[in-house]
Amino acid sequence: MESFFLRYRNLLVLLAMLAAQIIGLAVQVRRSEAGRGGFDTPDGPGVRLVRLWSEGLVSQPERLIHNSKMGLIYFWQNYIDLHRVHQQNVELQKTIDRLRLEQASLLEDARQGERLQKLLDFQEKYIYKTLAAQAIGSSGTDQSRVFYLDKGSADGLDRDMAVITADGIVGKVRDVFPHTAQVLVINDQTSGAGVILETTRIRGILRGNAAGQTQIVGILADQRIQPGEKVLTAGGDQIFPRGLPVGVVEKVVRDPDRDSFIDVLVKPAAHIERLDEVLVITSTQPRFNDQQEQDMTQSEEQKGAEVTAIKEQKKAAELMAERLPGLTDPTLPPDQQPLHDASNPSPIGHAPQALHADRFTPGAAGGDAAPAKPVVTLKPGQIIDPASGLPIAKPANKPAAQTATPQRRNP
Amino acid sequence: MSVLSADTRRDLEIHRYPVLVYSLVPLVALVLQAWLPRVVGRYVWFDLPMVVTVYFALGRRSPIQGTLLGGGLGLFEDALSHHAIGINGIAKTIAGFLAASVGVRIDVENHTIRLALNFLLSLLCSGIYLFIYRFLLGMELEWSWFTELMKAMGNSVIALILFPLLDKTQIRD
């Protein structure tokens, strides 16, 4: 028996190693409901422990290498390569001052927008808080496109947080350790992000392929999709807020597995192959820092002062209106209104009597004394006698303009 | 500095290394494998733990050591990825075993043999990985044989440079 083990010890060790690993695989594998296998589910405690050890062993040297590299870059940029730094500093300060004012205004709009969205029961999210982190390492294999950040749960990171750069989305936090975090990049085969094409408004799911390209899969063939069209996050995946840039359409190819479907290859906006610094969206709830709060308070105070001034003006106008004599008083019954009060001096008395009555004088032609003659009975150029109210014959040699002379005299 | 004990039967044929080399080189390979893709981008056409496994399996000429080293490095690689732990482990376990088994029978100092072995074992490793992923686990995986071919070639080129350097760390009587 002993000789058997000695003779076949190499094979036995090999089989033992293989058996142990196959059993381990069987324990780990979980199948999704759709029948598609995947490892995006949280690891079990044992597996997580192994990952933690491996990550702890590798991340410290990686951090050392990364810090050394960053230190060299910092030394070069801050002590050696200092051309035009002062001028840039002045320009940047001006830009900051301008942007702060703009930001305060935008934050107010955002807050108002969110209030309105709450009223409308919208589910969209705004980015309110991000955490900058450095990429320090990767999985080392192109079958698993993940990388590691130098921040972890101790810094407030959590699973399924979106990772972005200023250019566009990068991926999502897949696993979190105390001082590091694993990020699944959008060009991995197991990743998925809801996206929308900017102009055609066609929605799809973004994922990676074997070559490390990002593509939108499961889209019905559509001639409107052209290279160069922008791709944005759709916001329906509960990870990426809506409207973040994803990239541009690079090429449209037929789906090899399904007829009438196409794959849209997307060139990512973020440089996902060579990332140094990224932003992790840690909160989509409104939380403003002290400076932002101060700016908004100042802005609101200014707005409040304007509103107060307008109110003061309105109040003064009302006071003036109260002091002036009124013709109607809403608090009094109609028969006691100041208009009907005999003691109240009326601004308008009886109409003065005309010195020389004419056809326009009240009570003259068309007035009370003589009933108005219907216009249709008159003839053009016919003149009415003010005394009798009867038409008089028009003199043949008298111009019509002279008949208007008395009208001009009448005040 | 202490050295690893050699098999008594083939004591003269077995390469021996300082413990520091035997422990640090695999660790450095793991760290560089994890860090270099940040520098070279998508062209990750190398697998340093694989090269190190083949080197030590050939040098030590012990299938057990080759199996354990390959399995250990593969498991570490798996743990750094987001896939199940064991896929690379199984592939490199077999690669380490085969490299050591071949090393007993051939001249491992020959550069051509080293290059060919690295190339073939890398391709075998890729094939085992694909087999486990698709057939053993039944999961979908798009595969690019071009990338695997490039990786095998990259491993061979690295082996040509790295093996002579590591040979210099051998303990010679």
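# Cores, barrel and chain contact in a predicted model

Trainee: Which residues have the most contacts inside the largest nonpolar core?
Mentor: A nonpolar core is a set of buried Ala, Val, Leu, Ile, Met, Phe, Trp, Tyr and Cys residues joined through C-beta atoms within 7 Å. Buried means 20 or more other C-beta atoms within 10 Å of the residue's own, with C-beta atoms placed from the backbone. The largest such core has 48 residues, and those with the most contacts in it are Val54(B), Ala95(B) and Ala99(B).

Trainee: What pLDDT do local features need?
Mentor: Residues are numbered from 1 along each chain as its sequence is written, while chains are lettered from A and ligands numbered from 1 in the order in which they are written. The model is predicted, so totals for chains, interfaces and linings use all residues, side-chain atom pairs count only at pLDDT 80 or more, and local features need pLDDT of at least 70.

Trainee: Which element gives the largest share of the largest nonpolar core?
Mentor: The core of 48 residues draws two or more residues from each of several helices, including H2 (9-28) of chain A and H6 (111-136) of chain B. Helices are DSSP runs of H or I of at least four residues, and strands are runs of E of at least two, numbered from the N terminus. The largest share, 10 residues, comes from H5(B).

Trainee: How many residues are in the second, separate core?
Mentor: This core includes Ile169(A), Val173(A), Leu184(A) and Leu197(A). Its size in residues is 45.

Trainee: Which residue of S14(A) is the bridge partner of Ala132(A)?
Mentor: Chain A has a closed barrel of six strands, S3-S4-S7-S6-S5-S14, with antiparallel pairing; strands pair if DSSP finds at least two bridges between them. S3 (residues 129-138) and S14 (residues 277-283) of chain A pair over six bridges. In S14(A), the partner of Ala132(A) is Leu279(A).

Trainee: What angle does the direction of H3(A) make with that of S3(A)?
Mentor: Axes are lines fitted to C-alpha atoms, for helices over the stretch in contact, and angles run from 0 to 180 degrees between N-to-C directions. H3 (residues 45-80) of chain A packs on the sheet, touching S3, S4 and S6 of chain A. Its direction and that of S3(A) make about 95°.

Trainee: Which element gives the most to the side of chain B that touches chain A?
Mentor: Two residues are in contact if their C-beta atoms, placed from the backbone, lie within 7 Å. The contact takes 43 residues from chain A and 37 residues from chain B. With eight residues, the element that gives the most to the chain B side is H4(B).

Technical notes
Buried ≥ 20, exposed ≤ 12 C-beta atoms within 10 Å, placed from the backbone.
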